Amino acid sequence: VMATAGTTSSGAVDPLRAVGEICREHGVWFHVDAAWAGTAALLPETRWVLDGAELADSVVFNPHKWMMTNFDCSAYFVRDPGTLIRTFEIHPEYLKTGVDAKVKNYRDWGIQLGRRFRALKLWFVVRSYGVEGLQALVREHIRLAGLVKGWVEADGRFELLAPVDLALVCFRLNDGRDEAGLDQLNRRFLERINASGTVFLTHTTLRGRYTIRLVVGQRTTEERHVRSAWDVISAAAAEVLKD
Ligand SMILES: Cc1ncc(COP(=O)(O)O)c(C=O)c1O
């Protein structure tokens, strides 16, 4: 069973503890996908995103998504490495060494044999920012997304389509036309925003509704960038609403 802490579309967090307890009861492998939102567990105030993950058999989060680490770097935690090793280990004669029993051979934990030393760059990230430096960045991203949320709520042309718990804001234009019309309107709206060449937003569908996504997560993003992104969004909204 796989639960997601921070879905790709809307950042929704599954009830990990409740799912985990059911999995425990039935002896089912419980995997937690915290690819994006796992980074929020750096902060005491958002550590709840992983509440219940201690019941998991495996947890993944991607430092390359929100933890200032260059692509690619996924951190995989597994309760019982033996399960992986029994699945993936290979013992050709030429790979045998005198220390096999004493070391962790990560080649036996997955499909790849040859692999890059990705943990090294993660080590550098943690050493160069420090835990407090990383916390400050993530906290600021959440604050900036909160500003956008406030602007969406304060402007009657827009509506929020999902709660903003972390640094992802899902919204659309809504001028009261029917749902098919709103989908078309918002598709044109997003094209207009992205045609500006200064802001690039993505979309998804939430409950069948065409939804625009704004996420804050870069090391260099400051309030002035988010404010100017909002200016672009607001101007594009005015244009598509009068078309
Ligand atoms: C929740 C979640 N899980 C998994 C992935 C896959 O990430 P990757 O292929 O970079 O490991 C994504 C990517 O957006 C994601 O949002």
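The protein exposes about 13,600 Å² of surface, and carbon and sulfur atoms supply 56% of that area. Keep in mind that this is a predicted model. Along its principal axes, the C-alpha trace spans about 75 × 40 × 35 Å. The protein has 243 residues, and 42% of them count as buried.

Now follow the chain. The protein contains 6 helices and 8 strands. From the N terminus on, the order of elements is β-α-β-β-α-β-α-α-β-β-α-β-β-α. Next, consider contacts in the protein with a separation of 6 or more. Residues 24 or more positions apart account for 60% of these contacts.

Start with helix H1, which covers residues 16–26. Which residues of H1 are buried? They are Leu16, Gly20 and Cys23. Seen down the axis of H1, these buried residues fall within an arc of 60°, so they line one face of the helix. An α-helix has 3.6 residues a turn, so residues three or four places apart point the same way.

What do the buried residues of H1 pack against? Their partners are strand S1 (2–4) and strand S2 (31–33). Now turn to the other side. The face of H1 turned away from its buried side carries the exposed residues Ile22, Glu25 and His26. After H1 comes Gly27. The phi of Gly27 is positive, near 65°.

Move on to the loop between S2 and strand S3 (58–61), where Leu42 lies. Is Leu42 buried or exposed? Leu42 has a relative accessible area of 18%. The cut-off for buried is under 20%, so Leu42 counts as buried. Which residues does Leu42 touch, leaving aside its neighbours within four places in sequence? Leu42 is in contact with Arg47, Met67, Leu134, Gln135 and Val138. Leu42 and Thr87 are 45 residues apart in sequence, and their C-alpha atoms are 32 Å apart in space.

Helix H4 is the next stop. Leu120 lies in this helix, which covers residues 118–154. Leu120 is partly exposed, with a relative accessible area of 36%.

Gly150 is partly exposed, with a relative accessible area of 28%. Compare its position with that of Ala35. Gly150 and Ala35 are 115 residues apart along the chain, and 26 Å separates their C-alpha atoms.

Finally, look at the cysteines. A disulfide is a covalent bond between the sulfur atoms of two cysteines. How many disulfides does a search of the whole structure find? The search finds 0. Two cysteines can be located by their cover. Cys73 is buried, with a relative accessible area of 4%. Cys170 is buried too, with a relative accessible area of 1%. Cys23 in H1 is another buried cysteine.

Definitions and conventions
Residues numbered from 1 in each chain as written. Predicted model: local features only at pLDDT ≥ 70, side-chain atom pairs only at ≥ 80, totals over all residues. Heavy atoms only, no water. Buried < 20%, exposed > 50% of the residue type's maximum accessible area, 1.4 Å probe, protein only. Helix = DSSP H or I, 4+ residues; strand = E, 2+ residues; numbered from the N terminus. Arc of directions from axis to C-beta. Contact = heavy atoms within 4.5 Å. Disulfide = S-S within 2.5 Å. Areas by Shrake-Rupley, 256 points an atom, 1.4 Å probe, with all protein chains shown as cover.
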